[in-house]
Amino acid sequence: QLVQNLMHEDEEEDKPSHRMQNVGEQGHMALLGHSLAAYISVLDRERLRKLITRIASDTTLWLCRLFRYESGSAYYHEDDREGLLKVCRLVINTRYEDYSTEGYTVLNSRQPVIYQSATCRPGLGQHLCSQLGLPLSSLCTVPCNTMFGSQHQMDIALLDKLIREDVETGKLPLLLIANAGTPGAGHTDKLGRLKELCEQYGMWLHIEGWVTTLHILAATRSDSMTLTLGPWLGLPAVPAVTLYRHEDPALSLAAGLTSSQPVEKLRALPLWLSLQYLGHDGIVEKIRHAVELVSYDPGCVEPHLCVCLTFPVLQVEDELNSPVVVFRFSQETSLCERLAQLVPASGVDIVELEDEGTCVRFTPLMTAAALGTQRCDVDLLVERLTELVPVLNCTLRLRLDFREEVYRHSALSYIEDLSWPGLGAVRYEPRIEEMNDSKRQLEVEKINSELLVKLGDLDADLLFSTGLEFGPEKDCIFIGMGTEDLDVAELVDTIAALGRDIEENGRLLENMTEVVRKGIQEAELQLQKDNQEKLMEEGVLRQIPLVGSVLNWFSPFQSTVKGRTFNLAAGSLDSTEPTYSMKAQTGGLASPETPTSSAKRLLGQRLFRREGAGGSDSHSETSSVGQAEDLSRERVSQPTTPTPPVPDEVVAVAPESPETPQVPAEPEPTQEKVQQVLQSRDSFHFQIILPCLFS
């Protein structure tokens, strides 16, 4: 229970759950192997030695047969770089005979050199030099082809030249790291030619990458190779395996490729159980299924996509194809996030290539077994591509119009974000200049948050959001993809109008406290003055309780003092005499109407649509702001309905309309009540009638 709580303590209910790996029976078998290894480790030494010898030899034999790697040994390790590191130690012990006794001093006579391709994993060569205690000058990175051959394969002619130069300067070519499936796009180097070059100079050839049973030639030509069977077969927590060939077990022990500790050999137990469960045919079927997932004809998407690297149709000389498809959109934008949301079982991800830039990568060999990817998922992926690409093309054409329209509004700022596959991003900037930076930042955040909510409530086909989760831009609004009939001018005008309304309403609420305070102070002064005038008119005798009552009964006195009405909109204190004389409250100074949003402009109709565009259901090209202004000008005065005399208490009067009768409000005009009335979108005119006398 404690572990489960730790796993889910940071999760939020509104966030979508992440897709977990599909742990089938073979996955449970691998997890069971870890528990069994712990139990087996407590056996007596002789029984433990026999058991682990059988497990290690069986697993090594099956892997060598599977990859046709004859006379090979296996090293099981958790870090997928650890196998190559131990192989380097083995080669150093082999090439430097006195290394075991004299150590690193023997390296001074002839500096060892490790060669790697420019497309190798980032940081791999630096890690090797750091762990081996070699200077970075012992690492030589070989560029890819520039004139002839694939631009993603190691330049063999240049490699030959670099090796000859190192030999002439007294260095020792030690090891070459080649790719059978590069980390980025899955390219395979010309392993046959590289093996010949290694034999010529006495170098060790190590192969890394997505090596599968289809890379039989690659496996047989190498001196060592690293396999990551966990992702290929959908097996959780199984170790990586490095197969190597060497005849001296003493040097292998010195390099750390074999161990005298029996418990360390139990690392192979999870893999041993899983391989037995799957069998030879099951393993081949899983890998073959992953390869077949990329064997569809990409012609259905080529008219819309720039397919820069499509390996199922790219023929590499002397090598088999890698089960990887990499493609990118023709413009500088990314659609991978959208594809991953629409087809989560596809396992597509983003890869950054040096020449092609940001691309979408489909690698079923690394994801299909864990996600359970089937052919129907690939068909759905292609179908979603054909749907998204036309919308992306249209959106990119509208991006320039959107940016120009935003620049026309001084209150809006255009945010450049090429990673967003939509129209773009915009931020509303308040027009108050006397704010300090912190207060202005809070005001920008508040206005744009409210603006995003209002835009989301509109009846439109556009998506409004805060952008990518870890994007660099904050406090702005990202607009999604648009279609051909989108009216960009109306969209930007609506954003500016709604932002202006939010800013003005916020400013009105901030100033209302001061306005009400001053109005109440003025009303108190007026009431004191009226009390003094009443005292002068009625006389002193009428103020005596008993005498005043008798005097008022014999000689009634009609006071001329009336109350006051405070107009919040105008900020003025007026007399209530017109109200009492006409038996109804007059309109006074009517406040101008607040422009309504474009959502009220055409009820039941989609917004931001141009008239006459294909498939559009719009009815007007007029912007939402213009519609709102026209509606506000067309207000027609209606005859007022007579009302009974207004009592001497606080009354809130709604807009003059036959459908909205005058309703008495709460007895006291508290600040919270004033803000609630002001925030009502349908209230245009507010008046508060203050009591004429204190009793």
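Author: Two strands pair if DSSP finds at least two bridges between them. The model shown here is a predicted one. In it, strand E9 (residues 325-328) and E11 run antiparallel and are joined by three bridges. Within this pair, Phe327 stands opposite Val360 in E11.

Reader: With which strand does strand E10 (residues 349-353) pair, and in what sense?

Author: In general, strands of a sheet pair through backbone hydrogen bonds, either parallel or antiparallel. Here strand E10 pairs with strand E11 (residues 357-362) over five bridges, in the antiparallel sense. Asp349 stands opposite Arg361 in E11. The link from E10 to E11 is a hairpin of three residues.

Reader: In what order do the strands of the open sheet lie, and which strands stand at its edges?

Author: The open sheet has four strands in the order E12-E13-E15-E14, with antiparallel pairing. Strand E12 (412-415) and E14 each have a single partner strand, so one side of each is left without a neighbour in the sheet.

Reader: Let us turn to a single residue. Is Ser465 buried or exposed?

Author: A residue counts as buried under 20% relative accessible area. Ser465 has 17% relative accessibility and therefore counts as buried. Ser465 belongs to strand E14 (residues 464-465) and stands opposite Phe478 in E15. Leaving aside residues up to four places away in sequence, Ser465 touches Trp420, Leu452, Cys476, Ile477 and Phe478.

Reader: How is the direction of helix H2 (residues 25-40) relative to helix H12 (residues 269-292) to be read?

Author: The angle is taken between N-to-C directions, and a value over 145 degrees counts as roughly antiparallel. The axes of H2 and H12 cross at roughly 155° and come within 6 Å. H2 and H12 are therefore roughly antiparallel to each other.

Reader: Which residues make up the contact of H2 with H12, and of which classes are they?

Author: By class, the contact has eleven nonpolar, four polar and two charged residues. The H2 side includes Met29, Leu32, Leu36 and Ile40, and the H12 side includes Leu269, Leu273, Tyr277 and Leu278. Glu25 in H2 and Lys286 in H12 also belong to the contact.

Reader: What do the totals for the protein chain show about helices, strands, burial and contacts?

Author: The protein chain has 21 helices and 18 strands. Of its 695 residues, 45% are buried. Among contacts between residues at least 6 apart in sequence, 68% join residues at least 24 apart. The protein chain exposes about 36900 Å², of which carbon and sulfur atoms supply 52%.

How values were computed
Residues numbered from 1 in each chain as written. Predicted model: local features only at pLDDT ≥ 70, side-chain atom pairs only at ≥ 80, totals over all residues. Heavy atoms only, no water. Helix = DSSP H or I, 4+ residues; strand = E, 2+ residues; numbered from the N terminus. Axes fitted to C-alpha atoms, helices over the stretch in contact; angles between N-to-C directions. Parallel < 35°, antiparallel > 145°, perpendicular 65-115°, else oblique. Contact = heavy atoms within 4.5 Å. Nonpolar A, V, L, I, M, F, W, Y, C, P; charged D, E, K, R; others polar. Buried < 20%, exposed > 50% of the residue type's maximum accessible area, 1.4 Å probe, protein only. Areas by Shrake-Rupley, 256 points an atom, 1.4 Å probe, with all protein chains shown as cover.
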